[in-house]
Amino acid sequence: MTFRIAQISDTHLSETKPFFVDNFVRIGEALRASKPDLVMNTGDVTLDGAAHEGDLAAARLLHDALGLPLRFLPGNHDLGDAQDAPGHREAPIDGERRARYLRHFGPDWWCFDVPGWRVLGLNAQLLGSDLAEAAEQEAAIAQAMAGLGLRSLALFLHKPLFDRTAEESEITGRFVNPLPRRHLLSLLDTAPALVVSGHVHQYRETRRDGARHVWAPSTAYVLPDRRQPRYGLKEVGYVEHALRPDGTHDSHMVQVPGAPTLRIEDFPQAYGPV
Ligand SMILES: [Fe+2]
Ligand SMILES: [Fe+2]
């Protein structure tokens, strides 16, 4: 039986600044009609849950209202950014912000199996961190690899591993940075067949070293070209992943009528002027 994951990402929901709630509700209606086996939010669930717990609570309620099976991964706006991310407005991840996220959304890394596949979700902001939980996450990765068997591996995390190659050396807030990337890849002794992320607010699908890398769009908004290059498609929507028992998969973007592609520069009250 094929397992269908509806991946939503970068929903940026808020209690006091609900600019992107209408898009979430509209896309949620499409998800309810499509009845996936799982709805997975790959982070930036909230507008600013790293600073305002009310955003975490409001976002959780909106997800629960979908009435569908849910899993979450944290993004930088939910519990702070990676400690090695330069120049971000939100504070870096710490134990308190992480604990607050966990109270509302459950574990920030996890692993589950469906026929033909092992699905491993990671907290991208913990990669390269000096928090004790970073080592616990690494132990969980090792455990997931040890029991992989003949299954295909799907890796889900908020930030893409890289733009074009695993060898690129730029330190950015946009991708997993070179040192933690190298370390993560060294822990994955079987290469993932599928690497899935959010964070960039663009849909892109590429193939590199036998793996398919799928970037989910935001359900909320896109960033202007002067702030962020065009890597792929700057449109809102979600991604459907069909994981087949034979270890193959199909992933494609779904655009939902009535959920317009909003532009962050039209919402200066969200994060300030762009
Ligand atoms: Fe985001
Ligand atoms: Fe993000």
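Two strands pair if DSSP finds at least two bridges between them; helices (H or I, at least four residues) and strands (E, at least two) are DSSP runs, numbered from the N terminus. The model shown is predicted, so local features need pLDDT of at least 70 and side-chain atom pairs pLDDT 80 or more, whereas totals for chains, interfaces and linings use all residues. Residues are numbered from 1 along each chain as its sequence is written, chains are lettered from A and ligands numbered from 1 in the order in which they are written, and side-chain values use heavy atoms, with hydrogens and water left out.

**View 1. The open sheet and its edge strand E4.** Six strands form an open sheet in the order E4-E5-E6-E7-E9-E8, with mixed pairing. Strand E4 (110-114) and strand E8 (204-208) are the edge strands, each pairing on one side only. E4 and strand E5 (residues 117-121) pair in the antiparallel sense over five bridges. Within this region, Cys111 stands opposite Leu120 in E5.

**View 2. Helix H5 against the sheet and helix H6.** H5 lies across E4, E5 and strand E6 (152-156), running at about 175° to E5; axes are lines fitted to C-alpha atoms, for helices over the stretch in contact, and angles run from 0 to 180 degrees between N-to-C directions. The axes of helix H5 (residues 132-146) and helix H6 (residues 178-187) come within 9 Å and cross at roughly 30°. Glu138, Ile141 and Met145 of H5 make the contact with His183, Leu184 and Leu187 of H6, where contact means heavy atoms within 4.5 Å.

**View 3. The site of the iron ion (ligand 1).** Asp10 (OD), His12 (NE2), Asp44 (OD) and His201 (NE2) coordinate this ion at 2.0 to 2.3 Å. Donors are N, O and S atoms within 2.8 Å of the metal (3.2 Å for Na, K and Ca); water is not among the atoms, so sites may look incomplete. Both Asp10 and His12 are buried, that is, under 20% relative accessible area, with exposed meaning over 50% and partly exposed in between (1.4 Å probe, protein chains only).

**View 4. The site of the iron ion (ligand 2) and the bridging residue.** This ion is coordinated by Asp44 (OD), Asn76 (OD1), His158 (NE2) and His199 (ND1), at 2.1 to 2.2 Å. Asp44 bridges the iron ion (ligand 2) and the iron ion (ligand 1), which lie 3.6 Å apart. Asp44 lies in the loop between strand E2 (38-41) and helix H2 (53-64) and Asn76 in helix H3 (residues 76-79), so the pair ties together parts that are 32 residues apart in sequence. Both Asp44 and Asn76 are buried.
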